[in-house]
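Biologist: I would like to learn how to read a few features of a model. Could you take me through them one at a time?

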Amino acid sequence: MHKSSTLRFLRKTLTGLAVSGAMLSSAAQADVILHAFNWQYDEVAAKAQEIADLGYKKVLVSPAYKSTGSQWWARYQPQDYRVIDNPLGDTDDFKAMVQALKARGVETYADIVFNHMANEAAQRSDLNYPGTAVLNEYAASDAYYDSITLFGDVSNGLFSGNDFHGTYDPNGPQCISNYNDVGDVQYNRLCGAPPDPGLPDLDSNNWVVEKQKQYLQALKSFGVTGFRVDAAKHMTNYHINQVFTDNIKQGTHVFGEIITTGGAGNGDYDNFLAPYISQTGHDAYDFPLFAQIRSAFGYGGSMNALVDPGAYGQALPGDQAITFSVTHDIPLNDGFRYQLLDPTDEKLANAYVLGRDGGVPLMYSDHNESGDGRWEGLYNRTDIENMITFHNQTQGRSMEVINYSDCFLLFKREHVGVVGINKCDAGQDVWVDTSAEGLWWYRNYRDTLSSDVQYISSQWHNFYVPGRSARMWLME
């Protein structure tokens, strides 16, 4: 390969590409989260050592409070914050899980549902929570429930009709009708198809805020260090800021779920995500970056969409981003399944998410609630384990794109690692000026995903990336 003027120009052009805020080093938080979706708490505890050995630093578990029903979505319908009692376990199981993880250097993140309470309209017409049936259950086993109470007096109710938004019409509660209207989205109910009356929408009055704060403080006292704010799009930032005070946020990582279909210029981003980021200071799921990932790997898409998406407002700043290739909502809700990536593209997207600098990667692993089988046991899949190895060994190293085309992207993490991703069928030869890029000579760069080894011994080196594959080379 000759050092042609074309290649010199290409190298200089690519070297000059600025790495945006979305790709800035975030070493303090750049640890991989395992989303142990719908796992029982004792299962997480039993696998604590394995989880640590795989390289995860944090585990996000499903919502922990009083809820009933075996379906996964029942965990997102709280009945009472004051006790942890649901099919995943109780307060004692939860505490034991947190301690088991902590003993192995892994933190516990809790999934928080504060927008609404359970839809129990089929059983009763009132809005008293946890309701007469649950209070009777508490009374029948008072010693047990007293032992697992987080705060308060469970002989009395928690919320009443005065604690919910009063947007009602003669035919029943008001469901969200216009998802572009901020007031509609944040003050009315999330509903299914008619005649579903939806999820009772909590008001941000002083009583509700105080109970929600007490719940968070209880989880923190057990050792929880992170909170995922479910349905943050449907809560006012005022409500969120009243609950997540400086005292509660101290020593914790808080991030919200605000689903968007793009970044700057997208209505969901401009109306919901951007205000959430700026007004709360919390982190958030990087749905803008996910939209770029879908664009890049989609039919007719180009990998140049992933060169520097943050420069165009199409990725969150790296120190406020939770990055992913799939979340639980996407396969489990018919309305979002169109966002699923092709299985091979999803593996390539994982190499991008775990190979890049910026954001906290989240890996979703379930028990096949979707029926697809793709994410069951993903947490210990060999390719995921090896990608996490690359991530952890390059943590804190800056990122620079070396070369790209419609088909491939090649970037480095200083001199320590090189990532190549090729979405097309044909293999790609990518010649690199190793001197200009600062890669070390007379060293092996070993791919964590295959047996491929690149021994660099001259200025120009060819990094070959087979079709429909990724390479994550680490310097030995």
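Modeller: Start with handedness at a disulfide. A disulfide is a covalent bond between the sulfur atoms of two cysteines. In this predicted model, the torsion about the S-S bond of Cys 407 and Cys 424 is about -85 degrees, so this disulfide is left-handed. The two sulfur atoms lie 2.0 Å apart.

Biologist: Where in the chain do Cys 407 and Cys 424 sit?

Modeller: They link distant parts of the chain, 17 residues apart. Cys 407 is in the loop between β13 (399–404) and β14 (408–413). Cys 424 is in the loop between β15 (417–422) and β16 (428–433).

Biologist: Are Cys 407 and Cys 424 buried or exposed?

Modeller: Cys 407 is buried, and Cys 424 is buried too.

Biologist: How many disulfides does the count come to?

Modeller: The count is two. The other bond joins Cys 175 to Cys 191, with an S to S distance of 2.1 Å. Its torsion is about -85 degrees, so the disulfide of Cys 175 and Cys 191 is left-handed. These cysteines are 16 residues apart. Cys 175 lies in the loop between β7 (172–173) and α7 (182–187), and Cys 191 in the loop between α7 and α8 (206–222).

Biologist: How should I read the accessibility of Cys 175?

Modeller: Compare the value with the cut-off: buried means under 20%. Cys 175 has 21% relative accessibility, so it counts as partly exposed. Cys 191, at 25%, is partly exposed as well.

Biologist: What is the pairing when the bonded cysteines are numbered in sequence order?

Modeller: It reads 1-2, 3-4.

Biologist: Next, aromatic rings. How many aromatic pairs are there?

Modeller: There are 26. For each pair, read the distance between centres and the angle between planes. The ring centres of Phe 37 and Tyr 364 are 5.6 Å apart and the planes are at 55 degrees, so the pair is tilted. Phe 37 is in the loop between β1 (33–36) and α2 (41–46), and Tyr 364 is in strand β12 (residues 360–365). They are 327 residues apart in the chain. Both Phe 37 and Tyr 364 are buried.

Biologist: What about the rings of Tyr 144 and Tyr 145?

Modeller: Their centres are 4.9 Å apart and their planes are at 70 degrees, so that pair is edge-to-face. Tyr 144 has 33% relative accessibility and is partly exposed. Tyr 145 has 4% and is buried.

Biologist: Which residues do ring pairs link into a cluster?

Modeller: Tyr 81, Phe 114, Phe 159, Tyr 215, Phe 227 and Phe 244.

Conventions. Residues are numbered from 1 along each chain as its sequence is written. This is a predicted model: local features need pLDDT of at least 70, side-chain atom pairs count only at pLDDT 80 or more; totals for chains, interfaces and linings use all residues. Side-chain values use heavy atoms; hydrogens and water are left out. A disulfide is a pair of cysteine sulfur atoms within 2.5 Å. Helices (H or I, at least four residues) and strands (E, at least two) are DSSP runs, numbered from the N terminus. Buried means under 20% relative accessible area, exposed over 50%, partly exposed in between (1.4 Å probe, protein chains only). Rings of Phe, Tyr and Trp (its six-membered ring) pair if their centres lie within 6.5 Å; planes under 30 degrees apart count as stacked, over 60 as edge-to-face and the rest as tilted.
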